[in-house]
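Subject: Structure for you to look at

Hello,

Here is the structure I promised to hand over. Please open it first, then read my notes below.

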Amino acid sequence: MFWVPADARWESLRNQAKQPDIGQLIDRALVAIENENPTLRGKLDKRFGAAQLEPGRMGELVDLISTIGFGEGKKSGDVLGEVYEYFLGQFASAEGKKGGQFYTPAHVVKTLVAVLAPHKGRVYDPCCGSGGMFVQSERFVESHGGRRDDISIYGQESNPTTWRLAAMNLAIRGFAADLGQEPADTFARDQHPDQKFDYILANPPFNISDWGGEKYDSDPRWTFGRPPAGNANYAWLQHMLWKLRPGGEAGVVLANGSMSSNTSGEGQIREAMVRGDVVEVMVALPGQLFLNTGIPVCLWFLTNDKTQRGRNRCGETLFIDARQMGAMVSRVERVLTDEDIAKVADTVHSWRGDDEVENPYEDVSGFCYSAKFEEIEKNSFVLTPGRYVGAADLEEDDEPFDQKMKRLTARLKRQQEEGTRLDQKITENLRRVGYEF
């Protein structure tokens, strides 16, 4: 339960907005909120009193914010959460690559959540950013008739500013979460060392080379092989597998190169993971989904037991090629629509047979394919969906070949004649204005 003491509430601050020490009053209010809410202790930014603003400007800001009303039928926490999420997205857009550490596009998170379908249990994100994975997980539970306390939230984040953002993002929505005692490197100082989780959702930084891999030579997490010191992709995957409880599932966003790279032993680790039957689903996504990177991305879905949800899929992996999905909302940004997300998620659920959808699974040329281990082995353990799903079926064409050729050559003749006519027209117009060639 998130509690704000009376003297720290907005009405009290609004009534004192014209006081010259309003900045200090805001700082004291934040201290009072931290004292009442242990999960926020040490996480709120209490520097309003030291802000270098013109006299009265802080009070004007308080008055301006006070004009924002809450719509009828909506909880204030919901509105605050939506505003918070909006500004996080705008910040990521404005900051480009720098802003990416704070924000994973909501439609990508919704895809992960829709596939994992976390109805209840422990949810974990080892690189939680501003907490978007948790927000979407809670929304999923509520939309399916569950309660917020059906899932428990655990996270970790190394960036101190982002760690605080996550705590505030969750607190204003009334979510209880354990983000660890401090911001910390997940590989070096696991904040939940004795915990195993039902669901893991993560968007780790892609291809990071300065993760300190040389320090973890004999780490027990490297069940499938020691990840290279120059790239943390397979360290993240193995850390998450290590943190799963029996039957748990993980959904991870990674760069496309992770599906096929053979650099520094990554191919051998990937092969060991396939042989260990922990790779459940691979999804190739379209480009331009992330504002902070142009690198194409994919989704890995991992599990340590393919018999736990639905039919027995041991020795099989589902491949989905979603590269043609999404709609451009600007010149540089593509968004997965709700229909796109539902198509991907429904395909996975029908393949699992987990009762989330009723339709039976079928391979669809150009989109999805359920591959046996032997097929993946023949493809040298490369996990790129395009290798397996094949080309999309073309629409049936029952027009006789001879008839089609006569029709097409007649069209070509008309187009050539029209081209000749236009060339003559252009030449004539140039001649009239004194230019000939």
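Start with helix H9, residues 266–275. Its buried residues are Glu266, Gly267, Ile269, Arg270, Met273 and Val274. Seen down the axis of H9, they fall within an arc of 160°, so they line one face of the helix. The general rule behind such a pattern is simple: an α-helix has 3.6 residues a turn, so residues three or four places apart point the same way. What do the buried residues of H9 pack against? Their partners are helix H8 (233–243), E6, E7 and helix H11 (373–378). After H9 comes aspartate 277, with a positive phi near 60°.

Bear in mind that this is a predicted model.

Now the whole chain. The protein chain has 437 residues, and 44% of them are buried. It holds 13 helices and 11 strands. Take the contacts between residues at least 6 apart in sequence: 70% of these join residues at least 24 apart. The accessible surface is about 23200 Å². Carbon and sulfur atoms account for 51% of that surface.

Strand E6 (residues 279–284) is worth a look. It is mostly covered, with 6 of its 6 residues buried. E6 pairs with strand E7 (residues 297–303) in the antiparallel sense, over 5 bridges. In general, strands of a sheet pair through backbone hydrogen bonds, either parallel or antiparallel.

Elsewhere in the sheet, E1 pairs with strand E4 (residues 197–202). That pairing is parallel and has 2 bridges. Valine 123 stands opposite tyrosine 199 in E4.

Alanine 117 sits in the loop between helix H5 (106–116) and strand E1 (121–125). Its phi is positive, near 50°, in a residue other than glycine. Is alanine 117 buried or exposed? It counts as buried, because its relative accessibility is 0%. Glutamine 288 lies in the loop between E6 and E7. Its phi is also positive, near 65°, and again the residue is not glycine. Glutamine 288 is partly exposed, with a relative accessible area of 36%.

Last, the surface. Trp10, Leu61, Leu64 and Ile65 make a nonpolar patch of about 370 Å². Which element gives the largest share of the patch? It is helix H3 (residues 57–66), with 3 residues. Leucine 64 is in H3. At 56% relative accessibility, leucine 64 is above the 50% cut-off, so it counts as exposed.

Best wishes

Conventions: Residues numbered from 1 in each chain as written. Predicted model: local features only at pLDDT ≥ 70, side-chain atom pairs only at ≥ 80, totals over all residues. Heavy atoms only, no water. Patch = residues over 30% accessible without salt bridge, like charges linked within 9 Å, V, L, I, M, F, W, Y side chains within 5 Å. Areas by Shrake-Rupley, 256 points an atom, 1.4 Å probe, with all protein chains shown as cover. Salt bridge = Lys/Arg side-chain N within 4 Å of Asp/Glu carboxyl O. Helix = DSSP H or I, 4+ residues; strand = E, 2+ residues; numbered from the N terminus. Buried < 20%, exposed > 50% of the residue type's maximum accessible area, 1.4 Å probe, protein only. Pairing = 2+ DSSP bridges. Contact = heavy atoms within 4.5 Å. Arc of directions from axis to C-beta.
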